[in-house]
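Student: Could you walk me through how to read a few features of a structure?
Tutor: Gladly; let us look together.

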Amino acid sequence: MKHKNWELKLIFFLIVFLFAAFLAAPILLLLGKSLWNQGFTGEFYAAVLSQKGFLKALGNSFTVAAASAVLASLIAFLMAYAVHYTGLPQKMKKAISAIATLPMFLPTITYGFAIIYSFGKQGLLTRLLGRQFFDIYGFGGLLVGYVIYTVPVAFLLIHNTMDFVDKKTLIVSKVMGDKTLSTFWIAVLRPLLGTLAGAFIQAFFLCFTDFGIPASVGGGYEVIATLLYNQMLGGIPDFNRGAVIAMIMLIPSIGSICILQILERFNIRYNRISNPELRKNTARDVGWGISSSVISVAILSIFAVIFVVPMVEEWPYRTAFSLEHFVAVFSDSELLSVYVHSLLMAVMTALLGTLTAYGAALIVARSKLSAGYKKTIESIALVTNAIPGMVLGVSYLFLFSGTGLQNTLLLMILCNIVHYFSTPYLMMKNALSKMNAGWETTAMLMGDSWFKTILRVVTPNAMSSLIEVFSYYFINSMVTISALIFIAGARTMVLTTMIKQLQYVNRFNEVFVLSLLILATNLGAKALFSWMANHKFVKKEKTNAKQKENFKRA
């Protein structure tokens, strides 16, 4: 079949232009800023590496990120195991999964304030338990915040992999007479080694590059993210040194992605997956039920303060119930306009981002284009996954200052599309790869154009995945702060950057109200998108079943 594929080539060149202009160009400029001073030089790197406190901050970042990643991976494994390998009631399993992913719906900067108001000297949990358990400013606060932040990502990775582990191995191992620990290793741990390592690396990468949590509870324990922020937006900005710190932040990020690619080889794939009913074991279920409940209560208790503090007159001195803080926020036209900015940014990011991810996935999974086109798209996805939000934000600050895009919602939308491209693209590629490979060929033989085939055949079948991608972009756009803190302007403030501003003037009641607004928006959006995706999936299954029935009758 001879076809020019001009539509796919147009999509390809539009995507390449997008990432050349809003990923390659900013990063190359950042690199240039770190190496150029009236000529090629390494003086800025030498100055940063010899700067007092830099190596200590770098070491702090590695230490707290590694410790947090270990704890987050362990907690995520325990919660995923309770869902997949126990006889706990289905409702309890759903509750565990929901609680494990709850922190994803809040911005990371809120975690820090929740820790302060939970574990501080006058914190909610401190008052309830009668003592302060750790110093919230520094390593302890960062550790708690990072663990909460990364448990959802680690849980989703492990939970999704456990779906594809053949549970029959448990039965076979027991029949063969293996001891409990041997069975646990053979049937559970061994198939998950690659995923567990991947969960650790992803968690480490997120902790190392996050700005929101150290911005609120970092204290004197300086990490590289706060060092970059202070270098760029502090009292005396030094853009060249800031560029150096940003480039150094890329090193562990790129290393993490390379290791993840290597670990992919260690994932075990089964030809057939079976889910036999687990044998009854009351002691096992009670034990895992208690441990999962303790972890779930611990996560919820930290966030409970977000609901309590804005609903009292003045915490902790006047604790009578009051809604005056909510009334103050919702009657403030400036704060409401910021909310509108956030919604507009999230919706437009989700819409344009979904189209971008869908177009890229069509090229790789549903086209006859040469391998060069497909490798280019795959490389773009790999690179975007390795660029921290702060680095992207700093590079945009350099490239777009003084242009018509400076401090605009459009620039923030484009930044989010580029920043979060990798996961939506992979989601769409996996969904499109599973569809009938002959649809386009059949349609073209019948005289339909490629565009009509995609619109009438492929898109309806991919609708549930498209909705999931839209949801992913929307929720992440509502909670992101790392990149936007450098490119949001006074007239394009969004909720997360407004929370950062409110921190400076100690308006924490407004911080919690806005955090609840983000949480409610994201939970409502997630519920709506999940219902839409399930509705489309069920409708598609019914249509397929009806077509099969008609075929049999014919």
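Student: Which residues of helix 17 are buried?
Tutor: Buried means under 20% relative accessible area, exposed means over 50%, and partly exposed lies in between (1.4 Å probe, protein chains only). In helix 17 the buried residues include Gly389, Met390, Val391, Tyr396 and Phe400; in total, 11 of the 12 residues are buried. Keep in mind that this is a predicted model, where local features need pLDDT of at least 70, side-chain atom pairs count only at pLDDT 80 or more, and totals for chains, interfaces and linings use all residues. Residues are numbered from 1 along each chain as its sequence is written, and side-chain values use heavy atoms, leaving out hydrogens and water.

Student: Which residues have the most contacts inside the largest nonpolar core?
Tutor: In soluble globular proteins, nonpolar side chains tend to be buried together. Here a nonpolar core is a set of buried Ala, Val, Leu, Ile, Met, Phe, Trp, Tyr and Cys residues joined through side-chain atoms within 4.5 Å. The largest one has 174 residues, and those with the most contacts inside it are Tyr396, Met428, Leu432, Phe486 and Leu514. Contact means heavy atoms within 4.5 Å. Leaving aside residues up to four places away in sequence, Phe486 touches Tyr229, Met232, Leu233, Met390, Gly393, Val394 and Leu397. Among these, Met390 and Leu397 are buried residues of helix 17.

Student: How many salt bridges does the structure hold?
Tutor: Side chains of opposite charge can pair when their charged atoms come close. A salt bridge is a side-chain nitrogen of Lys or Arg within 4 Å of a carboxyl oxygen of Asp or Glu. The structure holds six. One of them joins Arg507 and Glu510 at 3.3 Å, N to O. Salt bridges that share partners also join Glu313, Glu314 and Arg318 into one network: Arg318 meets Glu313 at 3.3 Å and Glu314 at 3.0 Å.

Student: Is Arg318 buried or partly exposed?
Tutor: Arg318 counts as partly exposed, because its relative accessibility is 45%. Glu314 is partly exposed too, at 35%.

Definitions and conventions
Helices (H or I, at least four residues) and strands (E, at least two) are DSSP runs, numbered from the N terminus.
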